[in-house]
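I opened this entry to record what I looked up, one topic at a time. The structure comes first, and my notes follow.

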Amino acid sequence: MSDVRQHAEDVYEQFSDHLDVTVEDVEERFRTLVDEYKVPIDEARRSVTNHYLEEAGLEREDISRGGSEAVSIEDVDEPEEWIDLTAKVIELWEPRSDSIAQVGLLGDPTGTIKFTKWAKSELPTLEEGGVYELRNVVTDEYQGRYSVKLNSTTVTEELDEDLEVGDDTSEIHGALIDMQSGSGLIKRCPEEDCTRVLQNGRCNEHGEVEGEFDLRIKAVVDDGIDAHEVIFDKEATEELTGLSLEEAKEMAMDALDTTIVADEIAAKILGTYYRIEGPTFGRYVLADDVEELDAPGDAEDLLIKARSM
């Protein structure tokens, strides 16, 4: 089976209950984009999906990609994946939007993760302390912190059992040797409940938008044995560098170039030793508590290693 046919069947399964459409109809739309206009298959899938979402009057969270897989919380390391979780409701918070019915923290033996339950999903209320099997939830990401969303396709089942919740806090002592792409002054999608980083002014879900500036660092910290990926959010970045978001925006405006901010940050922190503590989400450690340390050994060696990354 060709890739186009497989994608067409996947999209058809998403909309077959909502629209009078055939697999052949979907495949023809794919073929037009891929074969005639040479659109990459992933971009074609987004375009075809958006077309049928608009035709059906649905939101993206109203449909499932199908084939959700049971995973542990520590395995959540990609956004926009459909998964199944068995987790305990650790804490519930007050929603800040009428579109959200519940928001809080889930936990399992491997760690914790934030969840959001949409009001229009009309799902049963989750009780604090309850253990649930949650089938067909979708993952999301903001500042390296992953979360899950419960929508109208989610199935919840309360289990008559308890579940031990693991500690997912990490502490790293090491040299910050690299800053990854996506560090410095970035723009995020301004749409409600969407925090995706824009690529060339586009959000993967909402298309071309006028983004909102944010500040972050995606770093690699070497403890002498392993290299750890660490994310510093706006507050942690401002504290670490002494550079505020407003100052970063002014700097970029003066230079007519946003990359100057990442260069300024790199000059301040590369080769420096830190103690970093924070929760682990997927492959990232989120820097909640940071302390600069004296470098053990020759600091010039660290800078040479950092510049070679």
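**Burial and overall build**

I call a residue buried when its relative accessible area is under 20%, and exposed when that area is over 50%. I also note that this is a predicted model. With that cut-off, I find that buried residues make up 46% of the 309 residues in the chain.

I looked up the secondary structure next and counted 7 helices and 16 strands in the chain. Taken along the principal axes, a box of roughly 70 × 55 × 40 Å holds the C-alpha atoms. I then took the contacts in the chain with a separation of 6 or more, and found that 59% of them join residues 24 or more positions apart.

**Helix H1 and its two partners**

I started with H1 (3–15) and H2 (23–36). Their axes are 8 Å apart, and the helices pack at an angle of about 130 degrees. That angle makes H1 oblique to H2. I recorded the crossing as right-handed. On the H1 side the contact is made by Val4, Arg5, His7, Ala8, Glu9, Val11 and Tyr12, and on the H2 side by Val23, Glu24, Val26, Glu27, Phe30, Arg31 and Val34. Sorted by class, the residues of this contact of H1 with H2 are 8 nonpolar, 1 polar and 5 charged.

I then turned to H1 and H3, the latter spanning residues 41–56. Their axes come within 11 Å and cross at roughly 25 degrees. H1 is therefore roughly parallel to H3, since angles under 35 degrees count as such. This crossing is right-handed. H1 brings Val4, His7, Asp10, Val11, Gln14 and Phe15 to the contact, while H3 brings Ile41, Arg45, Val48, Thr49, Tyr52 and Leu53. I sorted the contact of H1 with H3 into 7 nonpolar, 3 polar and 2 charged residues.

**Helices H4 and H6**

Which residues do H4 and H6 span, and at what angle do their axes cross? H4 covers residues 234–241 and H6 covers residues 259–269, and the axes cross at roughly 55 degrees, coming within 10 Å. That makes H4 oblique to H6. I noted the crossing of H4 and H6 as left-handed. Thr237, Leu240 and Thr241 of H4 make the contact with Ile265, Lys268 and Ile269 of H6. By class I have 3 nonpolar, 2 polar and 1 charged for the contact of H4 with H6.

**Cysteines**

I checked for disulfides and found 0 in the structure. A disulfide is a covalent bond between the sulfur atoms of two cysteines. I also looked up two cysteines for burial. Cysteine 189 has a relative accessible area of 3%, so I list it as buried. Cysteine 203 is buried as well, because its relative accessibility is 1%.

**Positive phi**

Most residues other than glycine have a negative phi. I looked for exceptions and wrote down two.

Glutamate 122 is not a glycine, yet it has a positive phi of about 55 degrees. I place glutamate 122 in the loop between strand E4 (111–118) and strand E5 (131–142).

I find leucine 256 in the loop between helix H5 (245–255) and H6. Its relative accessibility is 76%, so leucine 256 counts as exposed.

**Two pairs along the chain**

Aspartate 20 and alanine 56 are 36 residues apart along the chain, and their C-alpha atoms are separated by 9.8 Å. Aspartate 20 is in the loop between H1 and H2. With 81% relative accessibility, aspartate 20 is exposed.

How many residues separate isoleucine 177 and aspartate 214 in sequence, and what is their C-alpha to C-alpha distance in space? I get 37 residues in sequence and 23 Å in space. Isoleucine 177 is part of strand E8, residues 169–179. I list isoleucine 177 as buried because its relative accessibility is 3%.

Definitions and conventions
Residues are numbered from 1 along each chain as its sequence is written. This is a predicted model: local features need pLDDT of at least 70, side-chain atom pairs count only at pLDDT 80 or more; totals for chains, interfaces and linings use all residues. Side-chain values use heavy atoms; hydrogens and water are left out. Axes are lines fitted to C-alpha atoms, for helices over the stretch in contact, and angles run from 0 to 180 degrees between N-to-C directions. Helices (H or I, at least four residues) and strands (E, at least two) are DSSP runs, numbered from the N terminus. Angles under 35 degrees count as roughly parallel, over 145 as roughly antiparallel, 65 to 115 as roughly perpendicular and the rest as oblique. A crossing is left-handed if the near helix is turned anticlockwise from the far one by less than a right angle, and right-handed if clockwise. Contact means heavy atoms within 4.5 Å. Ala, Val, Leu, Ile, Met, Phe, Trp, Tyr, Cys and Pro count as nonpolar, Asp, Glu, Lys and Arg as charged, and the others, Gly among them, as polar. A disulfide is a pair of cysteine sulfur atoms within 2.5 Å. Buried means under 20% relative accessible area, exposed over 50%, partly exposed in between (1.4 Å probe, protein chains only).
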